[in-house]
Amino acid sequence: MPLATARVATARPARYVRQLVSHMGHTVAASLTPDGRGTITVPSGTCTLTPAPDRLELTATAADAGSLARVQDVITRHLVRFATQEQLAVEWTPAIDGGELEPTAPVVEDYLLGHHTPADDILGELAAATREAAADAAVMQISSDEGVLLTMLTRLTSARFAVEVGVFTGYSTLCIARGLAAGGRLLACDVSEEWTSIGRPYWERAGVADRIDLRIAPALTTLRALDAEPVIDIAFIDADKDNYPAYYEEIVRRLRPGGLVVLDNVFLGGRVLDPAYQQDRHVAMRRLNDLIRDDERVDAVMLPLRDGVTIARRR
């Protein structure tokens, strides 16, 4: 349970962040963003410090409970030491597991689902068919609001060539295909005939089957066979997480200027935020999230939509 937060009431939050980053930066890794958010990494873990109008918000992470306690202790001691003009109360929340995090509260999620352009009958029936056929695996299907987002982004880019990595039963495929410009084409990559076959009849009913080029093969093989020229207008990645970095690299180098790559599940159920999770997919996703943040080829934003969605635009 290596995550904990604290909200410290103070009229000087930005000042304390600057002081801690400056002082501790002499002995450990410490950085300050232009908007005043500080990050301090000590041997036992990391703490981020975010100034708010009337408080300082702290988030501590570590690989285990003992290390988390040490992070909390060192940050608390230094913070209290700098508060010479006021008495700060640093009260940490109980440690939690990253897998228990919810990006949005259930009531907020319900409200969001009730306030987007609703799915039509074809999408609704495909979602129902997926639940019936896939049972618990149906969670791999994107939500209806994310489907609206994909269609909207595809239309906004006037996309004529789109790429999808990870089709499952084809809900996202249908959403992207519907947003394509006249004469547009979607290259859809998956390895399962079984799951993709569920979506085919719905693509036909929606009148977009002729826009979809479904390739049943390892996605990396399909992507690497593409022309190296930057011709992709939009891409959506929602497949095996271990290969996300490789999928991203093959796609972003082929994105046209202004083109988008959209990545689903960048939180991995909150486990990416929790250093205790060290399976290959967790490590790969953390590495990719950091890579995109620092990638000078793109401008990117990470959204707390469902399980985390990143949108990166090729410069």
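This is a predicted model: local features need pLDDT of at least 70, side-chain atom pairs count only at pLDDT 80 or more; totals for chains, interfaces and linings use all residues.
Local features need pLDDT of at least 70, side-chain atom pairs count only at pLDDT 80 or more, and totals for chains, interfaces and linings use all residues. Residues are numbered from 1 along each chain as its sequence is written, and side-chain values use heavy atoms, with hydrogens and water left out.

Helix α5 (residues 144–156) packs with helix α6 (residues 171–179) at an angle of about 30°, their axes being 7 Å apart. Helices are DSSP runs of H or I with at least four residues, strands are runs of E with at least two, and both are numbered from the N terminus. The angle makes α5 roughly parallel to α6, a class for angles under 35 degrees.

The whole structure holds 21 salt bridges, each a side-chain nitrogen of Lys or Arg within 4 Å of a carboxyl oxygen of Asp or Glu. One of them joins aspartate 120 and arginine 178 (2.6 Å, N to O). Aspartate 120 lies in the loop between α3 and α4 (121–134) and arginine 178 in helix α6, so the pair ties together parts 58 residues apart in sequence. Aspartate 120 is partly exposed at 31% relative accessibility; buried means under 20% relative accessible area, exposed over 50%, and partly exposed in between (1.4 Å probe, protein chains only).

Glutamate 250 forms a salt bridge with arginine 224, the closest N and O atoms being 3.3 Å apart. Glutamate 250 is in helix α9 (residues 244–252) and arginine 224 in helix α8 (residues 219–224). At 9% relative accessibility, glutamate 250 counts as buried.

Definitions and conventions:
Axes are lines fitted to C-alpha atoms, for helices over the stretch in contact, and angles run from 0 to 180 degrees between N-to-C directions. Angles under 35 degrees count as roughly parallel, over 145 as roughly antiparallel, 65 to 115 as roughly perpendicular and the rest as oblique.
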